[in-house]
Amino acid sequence: MNKKYKHSTVYQIYPRSFCDSDGDGVGDIRGIISKLDYLRDLGIDVIWLSPVYKSPNDDNGYDISDYKDIQPEFGTMADFDELLAAAKERGISIIMDLVINHTSDEHEWFRRALAGEEKYKNYYIIKKGKNGGLPNNWGNFFADCPWEPFGDPANGEYYLHLFSKKQPDLNWYNPEVYREICDIMRFWLDKGVAGFRCDVINIIHKRTFEDGKRRLALTGKEHYISTEGTHRILASLRRDVMDNYDAFTVGETVMVDVPMARDLSDESRRELDMVFAFEHMECDQIGVKWFKTKFKPRKLMRILTKWQTGLDWNTCYFENHDQPRSVTRFTEGGEYRKVGAKMLLGLLFSLRGTTFVYEGQEIGMTNGAFGSLDEIMDIESHNVDKMAKSLGIVNPFRWRLINKTSRDNARTPMQWNGNEGAGFTSGTPWLKLHPNYKDVNVERDLSDPDGVIAFFKRMNLYKKSSDILKEGSFRELHAGKYVYAFERELSGERLIAVCNFSTKKSNMPEGIEGDVIISNYPDMAPSLRPYEFRLISARKEGKL
Ligand code: ISL
């Protein structure tokens with residue numbers, strides 16, 4: 001584990017939606033530079049920058065056409081260098097998004113492959129169809145078919161794309177691909193970036209291309225989730241590249257269980273520093289991620305406890321650019337939005353692990369307010385609509401499904417102030433602003449001593465100053481229908497976090513005594529109020 005970043009607070013920026021400096025409706029690098037003081041004041045140590053590389057934007061930058069250039073709508077390489085330097089001046093490091101499972105089909109490698117250059121054909125996974133059909137029966141992450149004819153369909157060749165058809169998967173069996181990626185990583189590390197968030201990193205190596213076991217979604221996944229091949233590649237990348245820069249890596253690892261996550265981040269294996277697991281993000285879904293069901297707090301508590309006790313070190317996060325907003329998912333929102341957002345932040349900062357927050361979470365931004373699919377830009381949502389339609393699901397139902405789960409819920413422009421454009425842009429935003437920006441915005445929240453940001457800062461500062469929160473062990477004390485309580489302990493000193501996931505009052509679990517150090521209510525009461533959070537310094541003699 002890279003100790004330098006272990007206790008950092010990491011803030012994810014989705015550049016398209018963060019701040020637009022030139023009025024084209026799309027966030028950009030100069031916009032980010034203009035907000036660095038704000039991030040420093042929040043106590044942010046590291047920025048995770050979602051992709052800013054050149055891209056045709058089929059998947060908002062996760063389809064890269066040039067890994068060593070900047071997307072023109074985000075600015076120039078000079079802007080990027082300035083951002084890096086300006087962040088450094090403020091003590092903020094930057095990690096880049098490393099997307100190496102696939103490139104864009106507009107990347108030069110894929111173009112040259114299509115033009116018939118064998119060398120580049122071997123950069124991708126191109127297979128002959130079987131018996132007049134597809135090469136295998138695999139599923140696709142974006143509700144599509146993962147095989148697309150490669151060049152002239154008459155040739156009967158297909159390329160694999162586990163995401164959009166404009167995102168062909170790279171062939172990690174080819175040592176040339178490995179060398180190219182090492183070169184790209186060195187390019188950014190030489191500039192001074194601190195490391196990488198590695199996109200879907202545990203699926204890069206496919207063990208075989210045989211048919212998979214039939215499933216509702218992602219048939220074939222057993223052939224590529226966390227394979228030994230991926231472990232080998234990660235260990236090599238660490239040895240050949242990361243170690244020379246003391247770089248930090250956090251892997252986005254999909255569909256991992258605790259043992260898999262442990263193997264990917266275990267210190268002795270020297271692969272990734274830490275991983276993002278998803279089980280807690282699935283606590284309100286039935287099977288496939290596109291079917292959300294009613295949130296049951298106890299399920300979230302069980303999963304959190306399982307991971308807190310199962311791994312020595314976790315990434316703690318409730319939001320990112322792929323997930324609906326936590327305050328909408330895990331609280332009733334509305335009149336409880338502010339107190340609920342604070343409760344979730346209190347919980348997040350009290351867990352053992354590195355804290356990751358997503359832009360807007362610090363003011364309790366909510367899911368977008370979209371009226372129909374026309375207002376949604378995300379390719380995944382459009383594919384889900386097509387798939388649901390082909391299954392005969394009629395429209396009010398399709399829309400209900402998509403509206404709840406769309407990744408665009410997290411991608412609405414950042415709400416900086418109550419002026420037209422929300423301080424995000426002077427032009428027309430690329431994605432519909434949430435109309436609640438007049439109430440929910442940074443300027444207004446900052447001017448409120450009881451605002452979400454003020455609470456964020458308190459928790460963030462407290463965690464940085466508390467060895468118990470930083471290094472203490474984790475023990476669940478109570479996981480009821482609504483109330484979650486756990487203890488963090490270090491050398492006999494104990495802190496207890498208590499959360500009420502209800503709009504109603506709840507009793508404090510028995511046996512918890514001590515002084516409240518931080519709470520999201522201004523005063524004390526015998527029972528827990530709606531969405532109340534308390535961080536308690538436990539009396540040493542207290543029985544638990
Ligand atoms: O979106 C998801 C959950 O709703 C995930 O299934 C997601 O597709 C998966 O976690 C992979 O995400 C990453 O790779 C994708 C990209 O679209 C996502 O934005 C990125 O975070 C392909 O590069």
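**Exercise 1.** Determine how the lining of the second largest cavity divides by class.

*Solution.* The model is predicted: local features need pLDDT of at least 70 and side-chain atom pairs count only at pLDDT 80 or more, while totals for chains, interfaces and linings use all residues. Residues are numbered from 1 along each chain as its sequence is written, and side-chain values use heavy atoms, with hydrogens and water left out.

Step 1. Sort the lining into classes (nonpolar: Ala, Val, Leu, Ile, Met, Phe, Trp, Tyr, Cys and Pro; charged: Asp, Glu, Lys and Arg; polar: the others, Gly among them). The second largest cavity has one nonpolar, six polar and four charged lining residues.

Step 2. Identify members of the lining. Among them are Lys6, His7, Phe349, Thr355 and Lys470. A cavity is a set of points, on a 1 Å grid over the protein atoms alone, where a 1.4 Å probe fits but cannot get out; lining residues have an atom within 4 Å of a point.

Step 3. Assign the elements (DSSP runs numbered from the N terminus; helices are H or I of at least four residues, strands E of at least two). Strand S13 (353–358) and helix H16 (452–465) each supply at least two lining residues, and H16 gives the most, with three.

**Exercise 2.** Which classes make up the lining of the largest cavity, and which helix supplies the largest share?

*Solution.* Step 1. The lining of the largest cavity divides into 11 nonpolar, four polar and no charged residues.

Step 1. Of its 15 lining residues, His280, Leu304, Trp307, Asn314 and Thr315 lie nearest the centre.

Step 2. H10 (297–310) and strand S12 (314–316) each supply at least two residues; the largest share, four residues, comes from H10.

**Exercise 3.** Describe the surroundings of the ligand.

*Solution.* Step 1. The ligand is surrounded by 19 residues (a heavy atom within 4 Å), and Asp59, Asp199, Glu252, Lys289 and Asp322 are the closest. The shell holds six nonpolar, four polar and nine charged residues.

Step 1. List polar side-chain atoms paired with ligand oxygen atoms (N or O atoms within 3.5 Å). The distance is 2.5 Å for Asp59, 2.9 Å for His102 and 3.0 Å for Arg197.

Step 2. Taken alone, the ligand exposes 490 Å² (Shrake-Rupley method, 1.4 Å probe), and the protein buries 93% of that.

Terms used:
Polar contact = N/O pair within 3.5 Å; in protein donor to acceptor, adjacent residues only side chain to side chain. 1 Å grid on protein atoms, 1.4 Å probe; cavity = no way out; pocket = protein on both sides within 12 Å on 5 of 7 lines; lining within 4 Å.
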